[in-house]
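Please keep the sequence and the structure in view while reading the points below.

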Amino acid sequence: MTRILHACLVISIVTNAWANDQQAKPPKGIAIAKQGTPDLDGKIDDHWKACPKYAVTQPIAESLKIEQKDMATATVQLLWDDKHLYALWIVKDSPLSAESSDDWAQDSVELFLDQHQDKSVTYESDDAQYRVNFQGKISGQGTGYDEADIKAAAIKTKQGYIVEMAIRTHAADMKPGTTMGLELQVNDDHGSGQRDAIAKWLHTEDDSWQDTSKFGTVQLK
Ligand SMILES: [Ca+2]
Ligand SMILES: [Ca+2]
Ligand SMILES: [Ca+2]
């Protein structure tokens, strides 16, 4: 009897562990994009409400010129349809600034995309960096960058700003199960007129603009 009880207990523990594992969030560095087409207006559509949130909160140590608690951060959610990857950024940032003449030093968000997920150490024709500042100004870089591929809307909030962006995908096969390389970044001018902090989702070095090998993964679901 004791042995049977013991066996049941072991099975129960194993089953619970498995059940908990099934409910667990995906491993670090893997983001899920759900299928849906939002209105690109800076407002949070119902489509977004069921999407998991990913935190862009890790500083790059050598770029941090202010206290970490004062650094701009964001949560990001992802959607996709047959032609686009969409990202909703809810950014905490105060004060807001676009004073610098460098787009990357203005209060802004950046999405890095490796559509074939080749993880190359230089940018290829499917790789690009897309940037939107808190005023909705679009910029970007990389071998695969074309300003015609990105549309965005931005609105200010009490805590900072919201950016809703759509990236037209040419290289990726947009269907459930497809994966692409992804990194997420927030740039913060905290009042110096220059970039005072960089927050990243995954790889805490300032190399995503030129090297796709350390990107995380976005999986279309
Ligand atoms: Ca919207
Ligand atoms: Ca700022
Ligand atoms: Ca690539």
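In which sense do strand β3 (residues 58-59) and β12 pair, and over how many bridges? The two strands pair in the antiparallel sense, over two bridges, where strands are DSSP runs of type E with at least two residues, helices are DSSP runs of type H or I with at least four, and both are numbered from the N terminus. Two strands are said to pair if DSSP finds at least two bridges between them.

This is a predicted model, in which local features need pLDDT of at least 70 and side-chain atom pairs count only at pLDDT 80 or more, while totals for chains, interfaces and linings use all residues. Residues are numbered from 1 along each chain as its sequence is written, and chains are lettered from A and ligands numbered from 1 in the order in which they are written.

**Confidence**

- The protein averages a pLDDT of 92, and 88% of the residues score at least 70; pLDDT is the predictor's confidence in each residue, on a scale from 0 to 100.
- Over residues 8-19 the pLDDT is below 50, and this stretch has zero contacts in the model beyond near neighbours in sequence; two residues are in contact if their C-beta atoms, placed from the backbone, lie within 7 Å.
- Where pLDDT is low, the predicted coordinates should not be read in detail.

**Overall make-up**

- The protein contains two helices and 13 strands.
- Of its 221 residues, 38% are buried; a residue is buried if 20 or more other C-beta atoms lie within 10 Å of its own, exposed if 12 or fewer do, and partly exposed in between, with C-beta atoms placed from the backbone.
- Among the contacts in the protein with a separation of 6 or more, 62% are between residues 24 or more positions apart.

**Nonpolar core**

- The largest nonpolar core has 47 residues, of which Val76, Leu78, Ala87, Trp89, Val91, Val163 and Met165 touch the most other members; such a core is a set of buried Ala, Val, Leu, Ile, Met, Phe, Trp, Tyr and Cys residues joined through C-beta atoms within 7 Å.
- Leaving aside residues up to four places away in sequence, Val163 touches Trp89, Val91, Val109, Val132, Ala152 and Ala154.

- β6 is largely enclosed by the rest of the structure, because seven of its seven residues are buried.
- Ser108, Glu110, Phe112 and Asp114 point one way from β6, whereas Val109, Leu111 and Leu113 point the other way, and all are buried.
- Seven bridges join β6 to the antiparallel strand β7 (residues 127-133), with Glu110 opposite Arg131 in β7.
- Seven bridges also join β6 to the antiparallel strand β11 (residues 179-188), and in that pairing Glu110 stands opposite Gln185.

- β11 and β12 pair in the antiparallel sense over four bridges, and the bridge partner of Asp188 in β12 is Ala197.

**Strand β1 and its partners**

- Strand β1 (residues 30-35) runs parallel to strand β13 (residues 216-220), to which four bridges join it, and Ile30 stands opposite Thr217 in β13.
- Two bridges join β1 to strand β4 (residues 73-80), which also runs parallel to it, and the bridge partner of Gln35 in β4 is Trp80.

**Loops and backbone features**

- Asp102 is found in the loop between β5 (84-92) and β6 (108-114), and it counts as exposed because it has 11 C-beta neighbours inside 10 Å.
- The C-alpha atoms of Asp102 and Gln194 are separated by 8.4 Å, although these residues are 92 residues apart along the chain.
- Pro95 is placed in the loop between β5 and β6, and the peptide bond from Ser94 to Pro95 is cis, with omega near -5°.
- Gln117, in the loop between β6 and β7, has a positive phi of about 50° although it is not a glycine, and Gln117 counts as buried because it has 20 C-beta neighbours inside 10 Å.
- Lys119 lies in the loop between β6 and β7 and has a phi near 60°, a positive value in a residue other than glycine; with 14 C-beta neighbours inside 10 Å, Lys119 counts as partly exposed.
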